[in-house]
Amino acid sequence: MTPKDLGMTGRRDAAVLIVDDAPENLAALRKLMVEQGYQTFVATSGERALKIARRVHPDLVLLDVMMQGMDGFETCRQLKANASTARIPVIFMSARTGTDDVVAGFDLGAVDYIAKPLRMAEVSARVRTQLQIRVNVESQEEQAERLRTIVNNMAEGLLIIEADGRIQFTNPACDKYLGYRENALAGSHISDLLNPLVAQEYLDYFSRYADAPDVAHHHGTREVIIRHRNGSSVCMDLTLTPMYLRQPLFIGLLHDITHHKQSEDALQRAAMVDPLTKIANRRHFDSFLEKEWQRSMRSGQPLSLVVLDVDHFKLYNDTLGHPAGDACLQQVAQAIASHAMRTTDLAARYGGEEFVLLFAETPADAARTLAEAIRAHIEALQIPHPRSTTSAWLTVSIGVATILPHQLDNTESLFVAADRAMYVAKENGRNQVRCTSTGNAALDAVKALMVR
């Protein structure tokens, strides 16, 4: 069998170094190796063998044990002690075939031991076998090295996790994402990185797979928050793939989506904000009102709506110009927003010079007080309004409506009531607050039925 038959296509012919101080053995072995198509090198001493091995890096060494000077065992010991030759396979040849000698040879790192006198067919077979093993090992090592290179240079973070949640391995990208030194995460537990509930979900999944690895278990990709070494949170997509070697293991791929989430959140915020005044827009307010309306129905707490309109704003724009009008609306918006102090309060620009505020869990008297504070705040800004017939300063008219929502009510009725109250404020001279209560539609309906 030739080197090509051994699967060595694309690489140099296999090189064999023969070391023997007996000329007849050396000649016979050299003739055999050349006939087999191997590059052949010869040495008659251990010292010479070491020099050749370090220079040509043969694929195999046929090494006689009994030689003058440095014997085969010492030659092998020195071959294995040198990093450049340590992995070259060595086959001992010797008439010393006692158990102790054979064991000593294998203890020194030999891969085989051939008894003398040599049977050439046996030598040929053993050499061929060891060269094939070397080809297979090199192929596996090359593949492993390629995989290591890929893993170490991937943009995604990679973790290997054991069934008990212990992290066995992380690649450089994972370490970098989470702020750890190389291999510092090895031996830690996923609960060190994940929320306890999320970590337990994964542990339950690991347990199900470990109990029945042949059953399809799909976990897929999910968005998780992972603790950075500095205590901050990192938003990641985590994809888990199970595999079973000697034990169940789980390959986790981490994709950093923090920037994506930030962009997504920024877009969402932009979609909810009025571009001129930087407070909530109508779309956001309507969504917020619907949520608070449902909560108010469950809690039985009152909901108050404030509708506000800037007095004589068209005259302001016509006199001072639109840039001044925009600046004026920005000042008004910031003043209004400063009164929405709780998470259940929201101020928004509803359109043009009209603004709205929602106060959850706020009865009518408290809503009136808040509305009056807003009116006074805006007047105190002392924004000059040259053509106002109401005041020398910019003023607002405010309508307030309060309701205890029920399923038979709707948000439109609250808006209508607050809007009407605001127009009453305008009709009565502007720069004032007017309040109304929408009543309770459900109660009114029951009363109507009782009257019938």
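Colleague: At what angle do helix α1 and helix α5 pack?

Modeller: Helix α1 covers residues 23–35 and helix α5 covers residues 120–153; helices (H or I, at least four residues) and strands (E, at least two) are DSSP runs, numbered from the N terminus. This is a predicted model, in which local features need pLDDT of at least 70 and side-chain atom pairs count only at pLDDT 80 or more, while totals for chains, interfaces and linings use all residues. Residues are numbered from 1 along each chain as its sequence is written, and side-chain values use heavy atoms, with hydrogens and water left out. The axes of α1 and α5 are 11 Å apart, and the packing angle is about 55°.

Colleague: Which word describes the direction of α1 relative to α5?

Modeller: Axes are lines fitted to C-alpha atoms, for helices over the stretch in contact, and angles run from 0 to 180 degrees between N-to-C directions. Angles under 35 degrees count as roughly parallel, over 145 as roughly antiparallel, 65 to 115 as roughly perpendicular and the rest as oblique. The angle here is about 55°. Therefore α1 and α5 are, to each other, oblique.

Colleague: How many nonpolar residues does the contact of α1 with α5 have?

Modeller: Contact means heavy atoms within 4.5 Å, and Ala-28, Leu-29, Leu-32 and Met-33 in α1 meet Met-120, Val-123, Ser-124 and Val-127 in α5. Ala, Val, Leu, Ile, Met, Phe, Trp, Tyr, Cys and Pro count as nonpolar, Asp, Glu, Lys and Arg as charged, and the others, Gly among them, as polar. The contact has no charged residues and one polar residue, and its nonpolar residues number seven.

Colleague: Which strands are the edge strands of the open sheet of five strands?

Modeller: The order in this sheet is β12-β13-β11-β14-β15, with mixed pairing; two strands pair if DSSP finds at least two bridges between them. An edge strand pairs on one side only, and this applies to β12 (345–351) and β15 (433–437).

Colleague: Which residue in β13 stands opposite Ala-347?

Modeller: Strand β13 spans residues 354–360 and is joined to β12 by six bridges, the two strands running antiparallel. In this pairing, the residue opposite Ala-347 is Leu-357.

Colleague: Is Asp-13 buried, partly exposed or exposed?

Modeller: Asp-13 is found in the segment before β1 (15–19). Buried means under 20% relative accessible area, exposed over 50%, and partly exposed in between (1.4 Å probe, protein chains only). Because its relative accessibility is 40%, Asp-13 counts as partly exposed.
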